[in-house]
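Look at the structure below and follow the chain from one end to the other.

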Amino acid sequence: MSIDAEPAEILIRDVADADMQAIQDIYAHHVLEGLASFEDTPPDLAELTRRRDALLDAGYPYIIAEAEGRVLGYAYAAAYRPRPAYRHTVENSVYVDRATHRRGIGTRLLERLIERCTELGFRQMIAIIGDSDNAPSIGMHARCGFKKTGVQASVGFKFGRWVDQVIMQRPLGGGDESLPDS
């Protein structure tokens with residue numbers, strides 16, 4: 001598949017062990033070159049696999065986008081906060097291979113992640129977006145029904161400058177219109 005060509009068919013599926021090297025490569029680029037992650041050093045394959053396994057063991061979805069056998073991006077949900085009152089709220093993460101930016105892959109991943117989290121009974125999804133100038137991520141979340149709920153100014157320091165975090169939120173299922181099942 002040429003970098004400039006549109007993939008013939010994009011498959012969104014659950015993550016597999018064989019995907020982890022591609023995920024590590026995608027994430028390493030975002031850590032080293034971007035502000036979506038506030039990590040300074042890319043985690044190695046073993047650490048990312050440990051993180052993935054912890055999410056899966058806790059029952060959270062972790063998915064990838066694939067075309068012609070190549071991982072184009074990935075997304076997962078995690079606990080928003082560890083205290084019991086937050087158990088109905090998840091935080092999303094979406095990362096796309098730099099060769100496939102602005103082709104709708106992140107949106108497809110996020111849409112499927114929203115579906116999966118709704119099916120699992122979660123009621124709110126939070127996005128913590130690194131850099132208030134990250135218009136592509138902010139726009140993607142807005143297209144998927146997220147509303148901006150705040151900005152934490154200058155909470156990160158990366159690449160020699162202060163970086164904001166944008167907080168966006170989207171209700172899932174019945175949101176706060178009804179009580180949760182548990």
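A pocket, as the word is used here, is an open set of grid points with protein on both sides within 12 Å along at least five of seven lines. Rolling a probe the size of a water molecule over the atoms shows where empty space is left. The model is a predicted one, and its largest pocket has a volume of about 1200 Å³. Lining this pocket are 45 residues, and those closest to its centre are His 30, Ala 36, Val 94, Tyr 95 and Ser 137. Several elements give two or more residues to the lining, among them helix H1 (20-33), helix H2 (45-57), strand E4 (89-96) and helix H4 (135-143). The most comes from E4, which gives six residues. Sorted by class, the lining holds 20 nonpolar, 16 polar and nine charged residues.

How do their axes cross?

Strands of a sheet pair through backbone hydrogen bonds, either parallel or antiparallel. Here seven strands form an open sheet with mixed pairing, in the order E1-E2-E3-E4-E5-E7-E6. Strand E1 (11-14) and E6 stand at the edges with a single partner strand each, so one side of each is left without a neighbour in the sheet. On average, neighbouring strands are turned by 25° against each other, direction ignored.

At the E6 end, strand E6 (residues 147-158) and strand E7 (residues 161-171) run antiparallel and are joined by eight bridges. Lys 148 stands opposite Met 168 in E7. The two strands form a hairpin with two residues between them, and Phe 159 in the turn has a positive phi of about 55°. E7 also runs antiparallel to E5, with seven bridges joining them. In this pairing, Ile 126 has Gln 169 of E7 as its bridge partner. Helix H3 packs on the sheet, touching E1, E2, E3, E4, E5 and E7, and its direction makes about 155° with that of E4.

Terms used
Residues numbered from 1 in each chain as written. Predicted model: local features only at pLDDT ≥ 70, side-chain atom pairs only at ≥ 80, totals over all residues. Heavy atoms only, no water. 1 Å grid on protein atoms, 1.4 Å probe; cavity = no way out; pocket = protein on both sides within 12 Å on 5 of 7 lines; lining within 4 Å. Points joined across faces, edges and corners; volume = space filled by probe spheres on them. Helix = DSSP H or I, 4+ residues; strand = E, 2+ residues; numbered from the N terminus. Nonpolar A, V, L, I, M, F, W, Y, C, P; charged D, E, K, R; others polar. Pairing = 2+ DSSP bridges. Axes fitted to C-alpha atoms, helices over the stretch in contact; angles between N-to-C directions. Contact = heavy atoms within 4.5 Å.
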